[in-house]
Amino acid sequence: MGILGLAKLIADVAPSSFKQGEIKQYFGRKIAIDASMSLYQFLIAVRSEGHQLASVDGEPTSHLMGTFYRTIRLVENGIKPVYVFDGKPPDMKSGELEKRAERREDAQKSLEAAEEAGDAAAVDKFNRRLVKVTKKHVDECKELLKLMGIPFIEAPCEAEAQCAAMVKAGLVYATATEDMDSLTFGSPVVVRHLTFSEARKVPVQEYCLQKVLDGLELTQDEFIDLCILLGCDYCDSIRGIGPKRAIELIKQHHNIQTILENIDTKKYIVPEGWMYEKARQLFIEPEIADPKSMELKWSEPDEDGLVKFLCGDRQFSEDRVRNGAKKLNKARSGSTQGRLDSFFKVLPSTNTNNKRKVEEKKPTSNKKGKTNAGGKFRGKPK
């Protein structure tokens, strides 16, 4: 779920905190990708005639198709992706997982009714709602990434928290995900729509956390409490408080404790035994692996290994797989130039009028009557 309504709130209140652009703008960038979110997108979106792609045994292959071709697209655009997989969910997420299970049960009943009624559109809709990323999907994608030469990280807990820690440590440039709680975990830069922007013809959205905080006029601690009020994966929210009221209350009282002391609890229903403090602590100090211990290495793809893994029972075209491997290799060998801003640090100008005056010597004659241009540059070297 992420943070309920946060993207719209930021768009309404702090629109200058994010920008939209094309995938090619991330040339030379290392980006941590929320793997589970990407797999879920691929299982829903990569289809043929409304159905998931499947092996000869009927096992889904949409996640492999999406990971293979869209990763190639990222690499061809000069991006160095690293996929980050979820570990065990925190205990506090059990309530959210139970709600998801209930929604799947409802979707299953609705699917059966739609099939009985012969409503093809409804069948497709409820089939998508029943999509779930399994351990088998994850293991297959890890194997695929190994063969492609793309690094991946297994987070001890939440992938978004691990991605945020990697960005803060300078290991990667940004977190790529659709869940806005990456900002709540403190990722300085978050990009959305990266893995499907070209396929769906939508721009990539880049959020800068500091600009979000400045635009909302909040500290990071206040922002975390705002996200809990909006609705997160770890605890229920206060019934009756929507996004507009939530930010008003945070700006007025600065934290949830003080809000609880000042609101009308008959009008705004506070969940019994509300564990907002534990949710806050999960955002502030999540369980992560130390980014300093990580070594990210992009290596040469194993073309024959990819053919063996994807073709045959999984029914990928051998020609397309070999072509994809060659694209990976070509992009890898051709992306060594990198970005200029990875080599140079831009320093602020100390001259208010932004003009540089260079003193030039006037031409003079030497003893032999030859002219000395004397056009030496006297400024400080960069």
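Predicted model: local features only at pLDDT ≥ 70, side-chain atom pairs only at ≥ 80, totals over all residues.

Student: Okay, how many helices and strands does the protein have?

Tutor: The secondary structure comes to 16 helices and eleven strands.

Student: And what share of the residues counts as buried?

Tutor: Of the 382 residues, 44% count as buried. As for contacts, take those between residues at least 6 apart in sequence: 69% of them join residues at least 24 apart.

Student: Which residues of H11 are the buried ones?

Tutor: They are Glu222, Phe223, Ile224, Asp225, Leu226, Cys227, Ile228, Leu229 and Leu230.

Student: What do those buried residues pack against?

Tutor: The buried residues of H11 pack against H1, H8, H10, H12, H13 and H14.

Student: Let's take H12 from that list. At what angle do H11 and H12 pack?

Tutor: The angle is about 150°, and the axes are 9 Å apart. Angles over 145 degrees count as roughly antiparallel, and H11 and H12 are therefore roughly antiparallel to each other. Their crossing is right-handed.

Student: Which residues meet there?

Tutor: From H11 you have Glu222, Asp225, Leu226, Leu229 and Leu230, and they meet Pro243, Ala246, Ile247 and Ile250 of H12. By class, the residues of this contact are seven nonpolar, two charged and no polar.

Student: Now H14. Are H11 and H14 roughly parallel, roughly perpendicular or oblique to each other?

Tutor: H11 and H14 pack at about 125°, with their axes 10 Å apart. The two helices are therefore oblique to each other. H11 passes H14 in a right-handed crossing.

Student: Who makes that contact?

Tutor: On the H11 side it's Asp221, Ile224, Asp225 and Ile228, and on the H14 side it's Tyr276, Ala279, Arg280, Phe283 and Ile284. Those residues divide into six nonpolar, three charged and no polar.

Student: What about H10, how is it angled to H11?

Tutor: H10 and H11 pack at an angle of about 80°, with axes 10 Å apart. That makes them roughly perpendicular to each other. Leu209, Val212, Leu213 and Leu216 of H10 meet Gln220, Phe223 and Leu226 of H11. This contact has six nonpolar residues, one polar and no charged.

Student: Let me jump to the loops. Where does Glu217 lie?

Tutor: Glu217 lies in the loop between H10 and H11. Its phi is near 60°, which is positive, and the residue is not a glycine.

Student: Is Glu217 buried or exposed?

Tutor: Glu217 is exposed, with a relative accessible area of 59%.

Student: Why does Cys232 count as buried?

Tutor: Because its relative accessibility is 4%, and buried means under 20%. Cys232 is also 9.9 Å from Met180, C-alpha to C-alpha, although the two are 52 residues apart in sequence.

Student: Last topic, H1. Which of its residues are buried?

Tutor: In helix H1, residues 6-13, the buried ones are Leu6, Leu9 and Ile10. Seen down the axis of H1, they fall within an arc of 100°, so they line one face of the helix.

Student: What's on the face turned away from the buried side?

Tutor: That face of H1 carries the exposed residues Lys8 and Asp12.

Student: And what covers the buried residues of H1?

Tutor: The cover includes strands E1 and E9, together with helices H8, H10, H11 and H12.

Notes: Residues numbered from 1 in each chain as written. Heavy atoms only, no water. Axes fitted to C-alpha atoms, helices over the stretch in contact; angles between N-to-C directions. Helix = DSSP H or I, 4+ residues; strand = E, 2+ residues; numbered from the N terminus. Parallel < 35°, antiparallel > 145°, perpendicular 65-115°, else oblique. Left-handed = near helix turned anticlockwise from the far one by under 90°. Contact = heavy atoms within 4.5 Å. Nonpolar A, V, L, I, M, F, W, Y, C, P; charged D, E, K, R; others polar. Buried < 20%, exposed > 50% of the residue type's maximum accessible area, 1.4 Å probe, protein only. Arc of directions from axis to C-beta.
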